[in-house]
Amino acid sequence: MTYPFLKGHGTENDFVLLPDPDGTAHGDLAPDRMAARVQALCDRHAGIGGDGVLRLVRTSAVDPAETGGSDAEWFMDYRNADGSVAEMCGNGTRVFVQYLRESGRDTGDRITIATRAGDKTLTFDGADWTVDLGEATLLGETEVGVGHYTWPAQHVSMGNPHAIAFVDSLDPHGPVGSLLEAPDHDAAVYPEGVNVEFVARVGERHVAMRVHERGVGETRSCGTGAGAVGVAAMIGDGAIAPATYVVDVPGGRLRVTWTTAGRVLLTGPALIVAAGETDL
Ligand SMILES: N[C@@H](CCC[C@H](N)C(=O)O)C(=O)O
């Protein structure tokens with residue numbers, strides 16, 4: 001049996017999109033088989049390839065325990081490439097609404113979708129999407145490590161967990177290395193795993209980052225990570241809200257605004273690049 005898919009990315013954080021409006025296309029799959037399907041779709045050699053899967057399903061077709069009883073029409077069912085379920089995906093939200101727009105399912109410039117981390121509202125300025133990620137929760141200091149190097153890190157939740165370490169250099173030949181393996185972290189602080197961002201200062205209100213994502217590996221971008229990094233950098237600089245920082249990622253450029261109300265806004269592109277049918 002085949003089913004439709006699309007491929008899209010936001011600053012090269014890439015996703016397989018699975019339109020499943022009434023929740024029946026994959027609903028027969030037990031959780032372990034859905035995880036296997038996600039792994040097969042995301043496989044870069046034998047599958048379509050992606051950092052994760054975005055299943056697009058009407059909120060009314062999903063257990064309210066997962067959607068938080070949201071009134072939004074669409075629920076973003078996000079899964080990492082290893083099949084694990086995550087609370088949120090910042091880049092994924094932009095790609096999700098870009099698909100809604102291109103498919104004519106919702107042509108508005110302002111769209112609210114449900115996620116496991118609550119409703120997220122996105123606005124379109126004609127080129128980029130801005131997602132209101134909500135408030136960052138600052139959870140204190142921890143430590144991350146690569147090989148025999150360790151760094152102090154900020155523990156920030158954007159609905160999903162992040163550890164942010166400021167470093168002198170992001171060079172893969174330097175201490176941060178190739179990030180082929182997950183950085184060391186405190187399992188007591190992060191029992192569900194963590195997304196680790198390494199950040200270098202580039203200039204005034206301008207930083208660059210590399211990220212090792214939980215459930216994926218190193219990716220070309222992480223939207224919730226960029227949001228958390230922006231806030232950590234602003235706090236480090238003693239910046240007064242509202243403030244906007246540029247966050248460079250290997251796959252492009254994102255902008256992060258911290259509003260006077262304490263909300264974190266993430267702005268960047270979203271592209272749908274392919275569509276087809278698969279039997280994976
Ligand atoms: N790439 C995403 C984050 C995806 C989820 C993450 N790997 C996790 O497990 O928390 C983003 O753009 O935010």
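Student: Is strand β10 (residues 161-166) mostly covered or mostly uncovered, and how many of its six residues are buried?

Tutor: Burial is read here by counting neighbours, a residue being buried if 20 or more other C-beta atoms lie within 10 Å of its own. In this predicted model, strand β10 is mostly covered, with five of its six residues buried.

Student: Which strands pair with β10, and in which sense does β12 run beside it?

Tutor: Pairing is read from the bridges between two strands and from their relative direction. Strand β9 (residues 149-157) is joined to β10 by four bridges and runs antiparallel to it, whereas strand β12 (residues 195-203) pairs with β10 in the parallel sense over five bridges.

Student: Where does β9 continue the pairing, and how many bridges join it to β8?

Tutor: Strand β8 (residues 137-146) is joined to β9 by eight bridges, and these two strands run antiparallel; within this pair, T142 has A153 of β9 as its bridge partner. Strand β8 also pairs with strand β11 (residues 184-185), again antiparallel, through two bridges, and there V144 is partnered by H185.

Student: Into which domains is the chain divided, and how far apart are their C-alpha centres?

Tutor: The division is into domain 1 (3-132 + 269-278) and domain 2 (137-261), whose C-alpha centres lie 24 Å apart. Their contact takes 19 residues from domain 1 and 18 residues from domain 2, and on the side of domain 1 that touches domain 2 the residues divide into six nonpolar, nine polar and four charged.

Student: How many residues surround the ligand, and what is the make-up of this shell by class?

Tutor: A shell can be read by its members, their class and their origin in the chain. Here 18 residues surround the ligand, the closest being A86, N91, N160, G223 and T224, and by class the shell has four nonpolar, 12 polar and two charged residues. Domain 1 and domain 2 each contribute at least three residues to the shell, while helices α3 (90-102) and α4 (223-237) each supply at least two.

Conventions
Residues numbered from 1 in each chain as written. Predicted model: local features only at pLDDT ≥ 70, side-chain atom pairs only at ≥ 80, totals over all residues. Near = placed C-beta within 6 Å. Nonpolar A, V, L, I, M, F, W, Y, C, P; charged D, E, K, R; others polar. Domains from an automatic or database assignment. Contact = placed C-beta atoms within 7 Å. Buried ≥ 20, exposed ≤ 12 C-beta atoms within 10 Å, placed from the backbone. Pairing = 2+ DSSP bridges.
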